[in-house]
Structure formats: structure tokens, C-alpha cells
Amino acid sequence: METKQQLYTISIYTENNIGLLNRISAIFQRRHINIESINTSVSEIEGVSRFTILVNMTEDQIKKILGQIEKQVEVIKAYYHTDDDTIYQESCLFKIKSDLLFEERQIQNIIKESNARIVTVNKEFFVLEKSGRRSELELLHRELNAFGIMQFVRSGRIAITKDKLKITEMLNAFKN
Amino acid sequence: METLTSKQKEYLEQPKERISGSEAIVRCLLAEGVEVLYGYPGGAIMPVYDELYKYEGKINHVLTRHEQCAAHAAQGYARISGNVGVAMATSGPGATNLITGIADAQIDSTPIVCITGQVPSHLLGSDAFQETDIVGISTPVTKWNHQITKASQIPEIIARAFYIARSGRPGPVLIDITKDAQFEEFDFQYKKCTGVRSYKPVPVIDENAITAAAALINSAKKPMIVWGQGVILGKAEEELKAVIEKTGIPSAWTILGASAIPTAHPLNIGMVGMHGNYAPNVLTNECDVLIAIGMRFDDRVTGKLDEYATQAKIIHFEIDPAEIDKNVKTDVAVLGDAKTSLTKLLALLNTNSHPDWLKKFKDLYTIEYDKVIKNDLHPTSEGLTMGEVLKEINSQTKGEAAIVTDVGQHQMIACRYADFNVSKSNITSGGLGTMGFALPAAIGAKMAAPDREVVAIIGDGGYQMTIQELGTIFQNKVPVKIVVLNNEFLGMVRQWQQLFFDKRYASTEMVNPNFVAIAKGYYIEAQKVTKRENLATAVKEMIASDEPYFLEVCVEKENNVFPMVPSGASVSDIRLD
């Protein structure tokens with residue numbers, strides 16, 4: 001039995017229904033599993049939603065969880081992936097005092113080197129956006145923290161798999 | 001394939017007609033073949049009750065005395081008939097009272113549809129009178145649930161509810177309908193649901209898995225079958241019997257699998273689990289191939305998991321993919337419904353017999369008989385035992401009765417000793433262990449199968465949890481036979497207190513009322529037995545009665561149920577005393 005915990009990304013294709021988020025999160029809650037991050041969005045298929053959930057658990061556990069998720073009537077298909085299986089990103093926003101942009105030259109260098117993007121600037125504050133791996137976002141956070149951050153927010157992970165997911169075929173099979 | 005009654009066709013795919021949401025609900029039920037439903041009216045569901053009034057004679061609504069019992073009655077109805085049971089309640093407390101029954105149906109895979117009224121949609125989320133988020137509350141204990149806020153959604157959602165409840169691994173579905181949707185008029189037309197694109201009720205059978213399973217079974221020297229309710233839900237009793245008889249494999253059952261194969265079948269070696277039979281528990285840890293069919297390796301079955309059948313190859317026939325490897329790692333998993341899988345399997349099996357192996361079961365049975373069964377069924381001490389009451393019921397019903405049990409000592413005794421000749425005859429709360437289940441479930445069972453003898457066997461504790469259903473029984477003249485085995489204790493908890501808590505009987509002693517007087521208060525014929533010499537006559541009178549009948553049997557107060565696999569112990573460490 002695999003007992004080593006690691007980060008897994010779960011991708012769930014579902015019908016777009018009220019209450020499904022509750023149903024899915026309850027599966028984790030009941031087993032006392034902490035969700036590291038969760039993102040829901042539309043998918044490449046019209047009317048089909050995609051959940052991306054990041055969890056830290058053993059492979060044995062995640063297989064059981066997948067079974068429970070797939071058992072839900074409105075779940076079309078669920079997958080789990082390791083980091084190697086996916087292209088993944090997170091995104092974050094920083095709100096910082098505009099004065100600092102002019103007073104602290106170092107901030108400009110940090111922005112350039114990190115490939116962060118200035119979303120907006122006004123007299124009081126500017127907003128910086130950065131997408132990438134968690135470690136890159138954390139590095140930028142550490143660097144900017146020294147100067148003072150007014151607000152910070154980071155999104156859940158979103159991930160695309162390297163392998164093909166045959167959802168469309170699956171849905172077409174139902175029609176026939 | 002489901003066959004439709006002419007009555008159903010009357011309500012199916014008729015030309016569109018403008019009617020109210022509430023009338024549509026009743027017509028949907030009729031189109032699904034519902035003849036009886038159980039429920040309790042209240043503000044938010046009143047429009048539907050008004051329609052039930054108009055449709056009287058076409059559909060029978062049974063007023064239970066508590067919504068929990070409406071759900072249990074629907075369960076009893078479903079368990080004995082294999083059809084979907086229906087329960088109805090109003091919003092708020094009416095809906096929350098259903099939850100215990102819904103949770104019970106979820107863990108025991110019972111197909112029921114619960115319909116709840118909800119406050120008008122413009123009041124949702126406003127903490128309105130009797131508003132509760134029943135969809136949120138019921139989510140973890142339903143197979144599916146949905147809230148309807150527009151009348152036009154009613155036909156499709158109710159069709160889907162029935163389809164989901166009954167298909168695949170069955171379960172409870174809750175549909176919450178706002179009051180404005182009940183009043184709203186729309187163009188009604190009903191079509192049965194034949195599929196939901198995100199839902200695969202029955203997995204495709206993998207022929208390779210069948211072949212691998214057959215090869216393992218054919219080469220096994222000491223094979224053992226453990227079947228569960230999947231056989232009954234999948235209507236695979238005949239197929240299972242054919243497999244057992246062709247291979248000569250000793251076969252045991254889980255509590256919910258009881259009655260799928262007649263008790264007296266020579267290869268039926270009894271119940272597995274905590275209070276199951278000695279031989280199948282002990283030999284679980286000696287068999288070389290364990291064939292699990294439609295069961296889910298519940299902890300009450302397996303005992304200590306890492307000492308459960310570790311020497312055996314495990315084959316698991318199962319309809320629900322989530323059950324594979326959930327508790328016990330399988331060597332061969334055969335996904336699919338039991339009927340198809342077993343039919344395919346049968347063709348690949350060699351005719352065989354295992355006389356030496358079977359003899360081991362018989363030998364251990366003799367040990368169990370001498371140490372436990374003899375004293376349970378033929379006691380020499382003065383006090384009555386629960387076992388001898390069961391023996392008397394067996395002999396007077398000739399094993400043809402459906403036995404509905406509650407939870408506790410009497411339940412274990414009933415499952416151990418009841419004779420079952422007919423499938424779907426053991427109706428009990430297995431997974432959830434819901435005290436108070438039996439009396440309302442018996443009502444549903446008797447109404448679904450009026451030609452069958454339905455005997456509810458209940459402890460004095462559980463009986464008082466839903467005793468008010470005597471009112472339902474009386475008002476609807478439901479001729480159930482009610483046997484209360486009264487030991488003036490919450491017996492199973494007391495047994496644990498005796499064995500594991502140094503006899504500290506905390507809150508388990510019951511000072512009971514006059515049960516006979518209460519039954520008679522509901523105009524139900526009743527009598528009480530305290531002495532062995534009166535037992536047979538009393539049971540005879542009860543069975544002979546065409547009306548509801550209540551029989552209280554005062555049994556030995558501090559008897560224990562054995563064998564017993566203590567909590568956390570291995571199944572082979574089962575105790576005989």
C-alpha cells in the first residue's frame with residue numbers, strides 16, 4: 001500500500017448544477033481531508049464545469065476519494081494527476097502603495113525580474129499580477145513583503161493535463 | 001426491462017395539458033406506478049395534499065404519525081417489493097424529520113423518493129417560517145437531490161428522481177419543491193427518464209475479470225462465498241443458487257443478504273459478522289478464495305481489517321466501483337450487476353464439490369450449537385429466551401413470513417434464527433442501525449405485500465422510539481404482527497456494558513409502561529406472555545389473526561447474544577461466551 005503523501009491535482013468534469021460544490025466538498029470534509037485549493041470554472045465543453053482541486057494525500061486515499069466523487073450522479077468523470085502529469089499555474093494579486101514604486105527603486109527591479117505585470121496604477125496604490133508556480137509566487141511575496149503589502153490574494157491551482165481527457169467522446173457515447 | 005401497468009400508461013406521454021405544479025406532482029407519481037405514499041401534511045406542501053384529496057381512490061396517501069416513520073415506511077415498502085417507496089413532508093421540521101430515514105436508505109441502498117414542500121421561492125434564504133435548507137442538509141445522505149422552483153421543471157426532475165433512485169446501486173433521492181412552483185400552472189407532459197448523461201448506473205462487465213474469477217474459483221481448494229444485499233437488489237437469487245450448487249461452495253451472508261438463499265439450503269452456512277455464525281467467521285481466515293458478491297466489507301463484517309482473510313485471494317462482484325478496494329484489497333474485481341455477472345460466471349465454472357471443506361463448517365456449527373444455539377432455542381432455565389420466540393414464529397409461519405426487525409439484541413437473534421424460505425424477507429436497519437425502524441417499516445412492507453405475513457420483531461427500547469405508529473396501523477387497518485421482546489433493558493448496550501464496562505449499566509435500564517394497554521388504547525388486539533407454556537398458543541393466536549396484533553414477550557433480562565466478534569478483534573477470534 002502506498003503510504004507516502006504527496007500533492008495531487010484532481011480534475012472533475014461535471015454538469016453545471018447548484019449544490020454540486022457542496023456535494024463534492026462534503027466528500028473531503030467527511031474524511032477529514034484538507035483541500036489545499038479549489039477552483040471551478042467552465043471547461044472546453046459547453047455546459048460542462050471543471051473543478052480543479054489540490055490535495056495532499058496518499059495514492060491509496062486518492063483512489064478511494066475519486067471513487068466517491070465519480071459516484072455522484074452529476075459528475076461526468078474525475079481524474080487525479082501528479083505535478084508531472086500536468087501544466088499548472090496559480091495566480092496572485094498584490095496591492096501596494098504607489099509611493100513605493102518611486103521611492104524604492106528595488107521594487108521596479110523585482111517587478112521586472114519576476115515577470116509580474118502591473119494591472120493598474122493610481123495615486124494611492126498599484127496592483128501587481130503574477131501567474132506561475134507556487135514557489136515563484138511565494139518568492140515574489142517574500143520580496144515585496146519587505147516593503148509592505150496593502151493586500152494580497154492568491155488563486156487556487158488551475159491545471160491542464162498533458163494526456164488527452166476523453167470527455168467529449170464520453171458525452172457523445174451517451175447520445176448514441 | 002420495466003413493464004408498465006395500464007394505469008401508468010394513462011399518465012405517461014399524454015398530450016400536453018395545462019395543470020398546476022401540485023397536480024403535476026401527483027400525476028408524475030401515478031405515471032411512475034406509485035399506488036401508496038407515506039407522509040405528513042403542513043403549510044409548504046398543502047397544495048399537493050389538496051391534489052391528493054382530489055385523486056383519492058387513484059393514489060393512497062398514508063398519514064404516519066411522524067415524518068421519520070413516513071421515510072421508514074417507504075423503506076419497508078421498497079425493501080419487500082423492490083419498487084421505489086415514496087415519502088412526503090412539509091418544509092422545515094417536516095423535512096428534517098425525514099433525514100434519519102433517508103440516511104438509513106442511503107447506507108442500506110434502498111430506493112426511496114422523498115418529496116418535501118419548501119417556502120415560496122421569493123422567501124428562500126430569508127429565514128422564513130419553516131424554512132430550512134433541506135437540500136443542503138440532505139446532500140451527504142442522498143444519492144441525488146434537487147430543488148424545484150418552477151412548475152415546468154417538475155416532470156423532468158421527478159422522472160429523473162425515480163430513475164436515479166431505482167437504477168444501479170439504489171438509494172434515496174430528495175426533491176424539494178417551493179410552494180409557488182406547486183401553485184404555478186404550466187403545460188404538463190410526462191416522459192419517463194431513461195438515462196442521465198453524467199451517470200452510469202451499471203458498469204460494463206469486463207469479460208477478462210469474469211474469466212479470471214472463474215479460474216480462481218475452479219482451482220480453489222477451500223473457497224467460500226459471502227453474499228450481500230446486492231444479490232437481492234440485483235434480483236440474482238436464482239443465479240447465485242446456481243453458482244453455489246454447481247461449485248458446491250459453502251456460502252455465507254451478510255445481514256442484508258439474508259433470505260436470498262433459503263436458510264435450510266445445505267450450502268448455506270449462515271451469517272458472517274459480529275454476531276454471525278461461528279464457522280463462517282472462523283473459516284474466513286482459513287479459506288483460500290473468498291468470493292464476495294454484492295457486499296461491501298462493512299466493519300461489522302470484517303472485524304479487524306488487517307487480520308481479515310489475509311491468506312485468501314479475494315474476488316469481489318460489485319455494482320458500485322467505489323466499493324472496490326475501499327476496505328479490503330481485491331485480487332479480482334468484477335464490476336457489474338450481480339445477475340449478469342453471475343450468469344456469465346456460471347458458464348465458466350466447473351461442477352465441483354468440497355466435502356472435506358464443508359465438513360469443517362459443519363463441525364464448527366456443532367460447537368456453536370452446543371455452546372450457544374442449544375441454550376438459545378431449547379433453554380432449560382426458567383426465563384424465556386429471544387431465540388425460542390423466534391423458533392416458535394418459524395414453526396408457525398413455516399419460514400414464509402417477512403421478518404422486520406429493529407436494532408439490537410433482538411435483531412441479531414432474529415437474523416440468526418429466523419427461517420427464510422423467500423427472498424426479500426429480512427427487513428432490518430443494517431448499516432445505520434436505526435432504532436425505531438421496525439414498526440414503521442413493517443407498515444410499508446405489509447402494504448406492499450399484503451399477501452405475505454409480516455412480523456415485526458422489536459426490542460422494548462426501539463419500540464418506544466416510534467410507538468406512535470400504532471396510530472397509523474390502527475387507522476389504516478394494516479394487519480402487521482408486532483412482537484416486542486421485552487428484557488427491560490437496552491439489551492445490546494447493556495451487553496457491552498457487562499462485557500467491556502465492568503457492568504456499569506449507565507442509562508440502559510428501562511422502566512416500561514403497560515405495552516398491552518397502550519396497544520389496546522389504539523384498539524389493537526394484544527397480549528403478554530411471561531411463561532414458556534403460554535408462548536406457543538400466543539404466537540398461534542397472533543399468526544391466526546387477520547388484524548394487527550401486538551404480542552409482548554417478557555424475556556430473560558440479562559441474556560447476551562453470542563457468538564460475538566468483539567469490536568476491534570479479528571473474525572477468527574470470535575467468542576462463544
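Visitor: How many residues of chain A are in contact with chain B, and with how many residues of chain B?
Guide: Keep in mind that this model is predicted. On the chain A side, β1 (6-15), α1 (20-30), α2 (59-70), β4 (75-81) and α6 (167-175) each supply at least two of the touching residues. The contact joins 18 residues of chain A to 16 residues of chain B.

Visitor: And how does the side of chain A that touches chain B divide by class?
Guide: Let's go through the classes. There are six nonpolar and five polar residues on that side of chain A. The charged residues there number seven.

Visitor: Are α11(B) and α14(B) roughly parallel or roughly antiparallel to each other?
Guide: Start with the geometry: helix α11 (residues 237-247) of chain B packs on helix α14 (residues 338-348) of chain B at an angle of about 30°, with the axes 9 Å apart. Angles under 35 degrees count as roughly parallel. Therefore α11(B) and α14(B) are roughly parallel.

Visitor: Which residues in α14(B) does α11(B) meet?
Guide: From α11(B) come B:E239, B:L240, B:A242, B:V243 and B:K246. The residues of this contact divide into six nonpolar, one polar and three charged. On the α14(B) side you'll find B:K339, B:L342, B:T343, B:L345 and B:L346.

Visitor: What about α2(B) and α3(B): how are they set to each other?
Guide: Helix α2 (residues 21-31) of chain B and helix α3 (residues 46-54) of chain B have axes 8 Å apart and pack at about 55°. The crossing of α2(B) past α3(B) is right-handed. With that angle of about 55°, α2(B) and α3(B) are therefore oblique.

Visitor: Which residues touch the most other members of the largest nonpolar core?
Guide: That core has 183 residues. Take B:V113: leaving aside neighbours within four places in sequence, its contacts include B:V84, B:V86, B:F162 and B:I175. The residues touching the most other members are B:A70, B:A87, B:I112, B:V113 and B:A456.

Visitor: Is B:V272 buried or exposed?
Guide: B:V272 sits in the loop between β11 (268-271) and α12 (278-284) of chain B. Leaving aside neighbours within four places in sequence, B:V272 is in contact with residues including B:V226, B:A252 and B:V301. A residue counts as buried if 20 or more other C-beta atoms lie within 10 Å of its own. B:V272 has 29 within 10 Å, so B:V272 is buried.

Visitor: What distance separates the C-alpha atoms of B:V272 and B:P120?
Guide: Along the chain, B:V272 and B:P120 are 152 residues apart. Between their C-alpha atoms, the separation is 50 Å.

Notes
Residues numbered from 1 in each chain as written. Chains lettered and ligands numbered in written order. Predicted model: local features only at pLDDT ≥ 70, side-chain atom pairs only at ≥ 80, totals over all residues. Contact = placed C-beta atoms within 7 Å. Helix = DSSP H or I, 4+ residues; strand = E, 2+ residues; numbered from the N terminus. Nonpolar A, V, L, I, M, F, W, Y, C, P; charged D, E, K, R; others polar. Axes fitted to C-alpha atoms, helices over the stretch in contact; angles between N-to-C directions. Parallel < 35°, antiparallel > 145°, perpendicular 65-115°, else oblique. Core = buried A, V, L, I, M, F, W, Y, C linked by C-beta atoms within 7 Å. Buried ≥ 20, exposed ≤ 12 C-beta atoms within 10 Å, placed from the backbone. Left-handed = near helix turned anticlockwise from the far one by under 90°.
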